[in-house]
Amino acid sequence: MEIISLGSSSNGNAYKVSDGSSTLLLDAGLPVGRLKEKFRFRLSQVDAVLVTHEHKDHAEAVKDLLNMGIQVYASQGTFEAIGVCRGNIIQVGNSFGIGSFEILPFSVIHDAVEPLGFLLQSNVTKEKLLYVTDTAYVPYNFRGLTHIMMEVNYVSSVIAENVESGLVPAGLARRVRKTHMSLDNALTFLKENTGPELEEVWLLHLSDENSDERLIKQSIQRIVGVPVYVAGK
């Protein structure tokens, strides 16, 4: 499984995933012009786009991609919030296929209309990828994961210090804690969902102000015992 981060921050999130047979774009939070550049102006190689929710940093290019004829998959609530009346509507718990991938959408905890996470399995490589971002926690257990892409947005002690110093408003901190993944919650999830099949972990959407990249990576590395990558911004 090839994973390439095209953007991973509050300024835009998008990831290219390929099993050598099919290519997917996970989220489209960059301007379409930047996505074209990232794909060397060959966006036609993308079999489909999976969108987790309607916030601009995950869905900015959706309308343009649809106008280009690229297949976009999201929940009905997400499409309605973006303001488009076409696209491939998917539902929690109903799996579907795109090329060589089988995909299962599941609900997450975020302040969006109908946000989703995705479990992808390749029928070619038999690898199983979990993609989850912008959620306070993951209320499910998964077996046999070979690749994990998950948000680790903030460290509780760091955001607390930032509120105390006045760097981060208390109201914003409350919103972040309710809608984004902390290091503590990420560690809890990984302890319960890491098996011998796991090959690598990708850390997504680290906050510029409220995270500690070195601490996060080291803490997770101790738990999983496989290569851990921080997605490039």
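This briefing describes a sheet and the helices that accompany it. The model is predicted, so local features need pLDDT of at least 70 and side-chain atom pairs count only at pLDDT 80 or more, while totals for chains, interfaces and linings use all residues. Residues are numbered from 1 along each chain as its sequence is written, and side-chain values use heavy atoms, without hydrogens and water.

**The sheet**
- Seven strands form an open sheet with mixed pairing, in the order S7-S8-S9-S10-S11-S12-S13; strands (E, at least two residues) and helices (H or I, at least four) are DSSP runs numbered from the N terminus, and two strands pair if DSSP finds at least two bridges between them.
- Strands S7 (96-98) and S13 (228-230) stand at the edges with a single partner strand each, so one side of each lacks a neighbour in the sheet.
- Strands S11 (residues 147-151) and S12 (residues 200-204) run parallel and are joined by five bridges.
- Histidine 147 stands opposite glutamate 200 in S12.

**The helices**
- Helix H8 (residues 213-224) packs on the sheet and touches S12 and S13, where contact means heavy atoms within 4.5 Å.
- The axes of H7 (residues 183-193) and H8 come within 10 Å and cross at roughly 15°; axes are lines fitted to C-alpha atoms, for helices over the stretch in contact, and angles run from 0 to 180 degrees between N-to-C directions.
- H7 and H8 are therefore roughly parallel to each other, a term for angles under 35 degrees.
- Leu183, Leu187, Leu190 and Lys191 in H7 meet residues of H8, including Leu215 and Ser219.

Technical notes
Angles under 35 degrees count as roughly parallel, over 145 as roughly antiparallel, 65 to 115 as roughly perpendicular and the rest as oblique.
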